[in-house]
Amino acid sequence: MLSTLGGIVNISKVLDDERKRLELRFHPDNPYNKPTFGDCIDKSGVLLSVTVRRHKHDKTRPPQHFVRLLGHCTRSFAFESLCDFQYLPMWSTPKSDDALAAAELTNAMKYVKPRCVTDLDYFKRAESQLLCLPELFARVDIVHGGSYRIDGPEDGQHEVLGVCTKTMHDTHDIVQFNMQDTFPAQPDAQILKRLKIKYVSDEQYMRVKKLFAEIPVWTRIALLYESGVSNDKLKCIIPSLAFYFNNGPWRSLYVRYGYDPRKDFQSRYYQTFDFRLRFGSGVSEFVYSRKSAKQKKSLTGSSEEPKSDLVQNIDYPYFEEHKLPRSRQCMLRYCDVRLPRIQEMLEKIPTPLTGAVCNERTGWLPPSFDTQVRQIVCGTIRELLRNHYRKEHLTADVEAVPQTDADAEAEGDEEYYAEDEQTQEEDMEIDETITDTNLEQLINNITS
């Protein structure tokens with residue numbers, strides 16, 4: 001193993017200089033082998049030796065464990081970069097004069113490299129095939145994520161003074177959820193600096209601040225609805241009051257600075273509930289996708305009336321019992337689902353012991369809790385549609401789409417910058433062909 005790292009001498013040189021990187025060569029004797037590099041990180045570690053002794057004859061006797069401390073370290077090397085492309089020095093020689101004959105591969109190492117310093121026979125060999133490889137194939141060994149898009153021409157009439165397009169490097173208020181790191185307690189200085197140059201009144205700022213003082217976790221659409229502040233102004237105010245989770249149980253929500261939902265059992269009411277609908281036939285006549293609804297609203301210049309009294313307004317942030325969801329995908333908090341049965345379920349969750357922390361995947365909620373809530377919501381929609389179909393003689397087929405881990409990882413940081421969460425509202429395929437005219441069968445298969 002030491003030879004792959006350059007020997008003890010090379011390791012000592014790297015440890016003496018914190019700026020050097022440690023080379024790892026999988027084939028040290030091959031000069032064409034490209035190394036992968038390890039970066040020094042300040043991370044403590046211990047090396048333990050655990051010995052387990054079991055009785056050979058008496059299997060019921062419990063095993064004995066012996067633990068020894070072999071050593072410790074305060075610095076580590078992490079090999080997280082990519083390795084360059086590898087090219088083996090191989091020559092192909094045809095087995096016969098036939099052009100279609102198979103070629104034989106030969107290791108050319110002994111032909112391109114002298115065996116030792118005194119290998120004079122190397123210079124007496126006849127001309128052989130050339131092996132000219134570049135020093136490097138790849139320019140960098142670190143993965144860089146990029147977002148490529150074509151910006152359309154804009155006339156600048158709707159621009160706000162001082163508002164610049166966010167880049168991937170301007171993500172001070174975006175936080176990844178985990179159980180180890182501490183969450184921000186105050187906004188970044190750059191965020192406060194940008195807030196001073198934008199036309200945000202004290203009255204607008206205090207309205208949003210008061211909402212976060214009452215409830216520490218919000219969705220963007222709920223802040224727009226409750227505060228009455230325009231979207232352009234709200235985008236300037238929110239980063240100075242809250243940070244944004246892009247994963248975890250509180251994904252796509254804004255959390256007040258200094259508030260840690262991992263330590264507060266009441267934060268279970270504010271966890272993310274992602275509810276989606278897949279449409280067939282007639283239901284698409286009632287509910288738009290959020291992206292389509294916003295496009296229609298921007299073209300008409302005013303809020304369009306819903307197609308039916310059955311559908312909630314597109315800007316209404318809550319789900320109620322006697323209305324269909326506002327769009328095909330709704331990002332809600334559990335407290336936004338105003339169904340008595342669901343709120344009773346949240347109340348009946350046993351209080352954890354003092355000092356307990358939440359689960360990294362499910363938060364403070366038990367496993368499969370979201371599945372139960374989704375079934376209750378689907379049952380409410382099924383009953384609502386059944387009553388409506390009996391009155392209007394309509395046929396439709398609607399189906400709840402459970403969220404998967406792949407759906408959650410696919411929603412990257414761009415959903416944060418998209419206006420009004422339009423990238424979170426997915427366009428579902430619509431099938432206009434009615435294959436079953438039996439109304440009761442369609443209704444019973446809503447959640448299938």
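The model is predicted: local features need pLDDT of at least 70, side-chain atom pairs count only at pLDDT 80 or more, and totals for chains, interfaces and linings use all residues. Residues are numbered from 1 along each chain as its sequence is written, and side-chain values use heavy atoms, with hydrogens and water left out.

**Strands S3 and S4**

- Strands are DSSP runs of E with at least two residues, helices are runs of H or I with at least four, and both are numbered from the N terminus.
- S3 and S4 run antiparallel and are joined by nine bridges; two strands pair if DSSP finds at least two bridges between them.
- Within this pairing, Arg53 stands opposite Gln64 in S4.
- None of the ten residues of S4 is buried, where buried means under 20% relative accessible area, exposed over 50%, and partly exposed in between (1.4 Å probe, protein chains only).

**Nonpolar patch**

- Val46, Leu48, Val50, Val52, Val67 and Leu69 make up a nonpolar surface patch with about 560 Å² of accessible area together, as given by the Shrake-Rupley method with a 1.4 Å probe, where for residues only the protein chains shown count as cover.
- Patches consist of residues with over 30% relative accessible area and no salt bridge; like charges are joined within 9 Å, and nonpolar side chains (Val, Leu, Ile, Met, Phe, Trp, Tyr) within 5 Å.
- A salt bridge is a side-chain nitrogen of Lys or Arg within 4 Å of a carboxyl oxygen of Asp or Glu.
- Strands S3 (45–53) and S4 (64–73) each supply at least two patch residues, and the largest share, four residues, comes from S3.
- Val67 lies in strand S4 and counts as exposed because its relative accessible area is 55%.

**Arg333**

- Arg333 is located in strand S14 (residues 329–333) and is buried, at 2% relative accessibility.
- Not counting residues up to four places away in sequence, the contacts of Arg333 include Trp218, Tyr269, Tyr270 and Tyr318; contact means heavy atoms within 4.5 Å.

**Tyr199**

- Tyr199 sits in the loop between helix H3 (189–196) and helix H4 (202–214), and its relative accessible area of 57% makes it exposed.
- The C-alpha atoms of Tyr199 and Lys233 are separated by 7.9 Å, although these residues are 34 residues apart along the chain.

**Cysteines**

- The whole structure contains zero disulfides, a disulfide being a pair of cysteine sulfur atoms within 2.5 Å.
- The cysteine sulfur closest to that of Cys40 is in Cys73, at 10.0 Å, which is too far for a bond.
- Cys40 is partly exposed at 24% relative accessibility, whereas Cys358 is buried at 6%.
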